[in-house]
Amino acid sequence: MKKLLSALLASVMVLSLVACGQKQASTDSGSAASGAKTVRVGVSIYTFDDAFMTLYRNELAKYFESKSNDQVKYEVTMQDGKNDQSEQTNQIDNFITQGYDVLILNLVQSTSAATVMDKCAAAGIPVVFINREPSESDMQSHNTGDFAGKFTYVGADARQSGRFQGELIADLPNKGDINGDGKLQYVMIEGDPENVDAQYRTQFSISQYKEKAGLDVECLDDQVGNWQRAEGQRLAANALTQYGDQIEVIFCNNDDMAMGAKVSIEAAGRKINDNIYLVGVDALAEAVDAVIAGEMTGTVLNDHVGQSHKAVDCAVDAAEGKSLDLYNWVDYVKVTPENASQYK
Ligand code: GAL
C-alpha cells in the first residue's frame, strides 16, 4: 500500500511538473519552444493604403525575418492605423498592455508622439518612430531620465527631397521656363499637410528652384492630394482645365500623386518634357520607368530599404538594451534620366 501511494505521488508530481512546464512555455513570451528567446515587436503603419509605405512595411517584415536565428526569434505584429489616430492609439495601448518588447510606429498624426512617448516611457518600452517625424521639441523634451536612449526617429530629411525636386527643374536647359517669360508658372500637389514631408517638399522645392535657377516663380494652384494617386489625377485635371498652357511644371509631393497627374496631363494632350514638366518623390518602380521613358522629368529616391533596415536595426538594439541615437537619417537621391536605371 505504501509502495502504491508513493508511486501514485511520484506520478502526480511528474504530471504537475509537465503541466507547469507547458503553462510556462505558452504564457512566457520570453522563451520559444525551440529554446530561442522571443522578442515581440509591435508595428503600426499610418495606413496600409499608401504606395510608399507598402514597400516600406513589406521590406520591414522581410528584414525582421532575416534577423531571427537560433538564439532569438522576432515575432512581428503589424497593424493598419487606417489613417485614424484613435484607431492607432488603441493599437498602441494594446501593445503596451500586452508588454511588447519594442514598438515601431508610423504615426497617423505626428502630434500624438508626445502622448505615445509618455505612455511608453512609463511602461519602459522602447520606440522607433518612422516616416512621420515628431516635432523636434517633443523629441528633445522626452530625451531625459530613463527614457533617454530608448527612442529614436528613423527617416529622411524632407528638406533634401524638396531641394532635389527644385534642382531637377532648375537644371533643365530652359530652367523649366517654357514660355520664356522669366518666371516659372507651376502647380503644387501636396501630401497630407500635417506631415513635415509635405510641408518641407512644398517649401524647399520652390526655394531651391529660385536659388539655383535665379528665376522668379508664380504659383498657379496649390492643392492637397493626401499622397493618393486618384487625388493627384483629379487635382491635375482641374488645374489643367483652369490654367491650360500656362502651366510649365507640376510638382507633386510624391510619385503616386505624380502618376495620377501624368494620366491627366496626357489626357489633356500635353507632352511631358516637351511642353510641361512633372516631378515627384519616392522613386516608385513606375515612376522610375517613366523617367527612363522620358515621360516624367525626374523623381527622388526615398530609400525604403535603407530606412526599414535602419528601423529594424534600431529595434533590435533597443531590445538588447542598447542605447539609441535620437535621430537616424537616411539620404534621398536625385533620380534623373541619366541615373534612373540604377533605381529600377
Ligand atoms: C512620404 C512618402 C509619401 C507617403 C508619406 C506617408 O515620405 O514620400 O509617398 O508615403 O511619406 O507619410
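**Entry 1. Salt bridges**

I began with Asp256 and Arg229, whose side chains meet in a salt bridge of 2.9 Å, N to O (a side-chain nitrogen of Lys or Arg within 4 Å of a carboxyl oxygen of Asp or Glu). The pair links distant parts of the chain, with Asp256 in helix H9 and Arg229 in helix H8 (residues 229-243), 27 residues apart. Helices (H or I, at least four residues) and strands (E, at least two) are DSSP runs, numbered from the N terminus.

I noted that the model is predicted: local features need pLDDT of at least 70 and side-chain atom pairs count only at pLDDT 80 or more, while totals for chains, interfaces and linings use all residues. Residues are numbered from 1 along each chain as its sequence is written, and side-chain values use heavy atoms, with hydrogens and water left out.

Is Asp256 buried or exposed? I found Asp256 buried, at a relative accessible area of 9%, whereas Arg229 is partly exposed at 29%. For these words I used the following limits: buried is under 20% relative accessible area, exposed is over 50%, and partly exposed is in between, with a 1.4 Å probe and protein chains only.

I then looked up how salt bridges share partners: Glu167, Asp171, Lys212 and Lys334 are joined in this way into one network. The structure holds 20 salt bridges.

I recorded another of these between the side chains of Lys119 and Asp93, at 2.9 Å, N to O. Lys119 belongs to helix H4 (residues 113-123) and Asp93 to helix H3 (residues 85-97), so the pair ties together parts that are 26 residues apart in sequence. Lys119 counts as partly exposed, at 31% relative accessibility, and Asp93 also counts as partly exposed, at 25%.

I looked as well at Asp157 and Arg159, whose side chains form a salt bridge of 3.1 Å, N to O. Asp157 is partly exposed at 23% relative accessibility, and Arg159 is partly exposed with a relative accessible area of 29%.

**Entry 2. The ligand**

Which residues come nearest to the ligand? Of the 13 residues around the ligand, I listed Asp50, Asn131, Asp197, Arg201 and Asp282 as those that come nearest; a residue is counted here if one of its heavy atoms lies within 4 Å.

I next looked up polar contacts, meaning pairs of N or O atoms within 3.5 Å; within protein, one atom must be able to donate a hydrogen and the other to accept it, and residues adjacent in sequence count only if both atoms are side-chain atoms. An N or O atom in the side chain of Asp282 is 2.6 Å from an oxygen atom of the ligand. For Asn195, a polar side-chain atom lies 3.0 Å from a ligand oxygen. For Asn302, the distance from a side-chain N or O atom to an oxygen atom of the ligand is 3.1 Å. The protein covers 99% of the 310 Å² of accessible area that the ligand has on its own (Shrake-Rupley method with a 1.4 Å probe; for residues, only the protein chains shown count as cover).

**Entry 3. Asp192**

I located Asp192 in the loop between strand E6 and helix H7 (196-213). Asp192 is buried, with a relative accessible area of 15%. A polar atom of the Asp192 side chain lies 3.0 Å from the backbone nitrogen of Glu194. Leaving aside neighbours within four places in sequence, I found Asp192 in contact with Arg132, Ala198, Asn226 and Trp227, where contact means heavy atoms within 4.5 Å.

**Entry 4. Helix H10**

Which residues of helix H10 (residues 285-292) are buried? I recorded Ala287, Val288, Ala290 and Val291. Seen down the axis of H10, these buried residues fall within an arc of 160°, so they line one face of the helix; the arc is that of the directions from the helix axis to the C-beta atoms. The buried residues of H10 pack against helix H9 (255-267), strand E10 (299-301) and strand E12 (333-335).

**Entry 5. Positive phi**

Most residues other than glycine have a negative phi. I looked up cases of positive phi. Ala283, which is not a glycine, has a positive phi of about 65°. Ala283 sits in the loop between strand E9 (277-279) and H10, and is buried with a relative accessible area of 10%. Lys175 is not a glycine either, and has a positive phi of about 55°. I found Lys175 in the loop between helix H6 (158-170) and strand E6 (183-190); Lys175 counts as partly exposed, at 33% relative accessibility.
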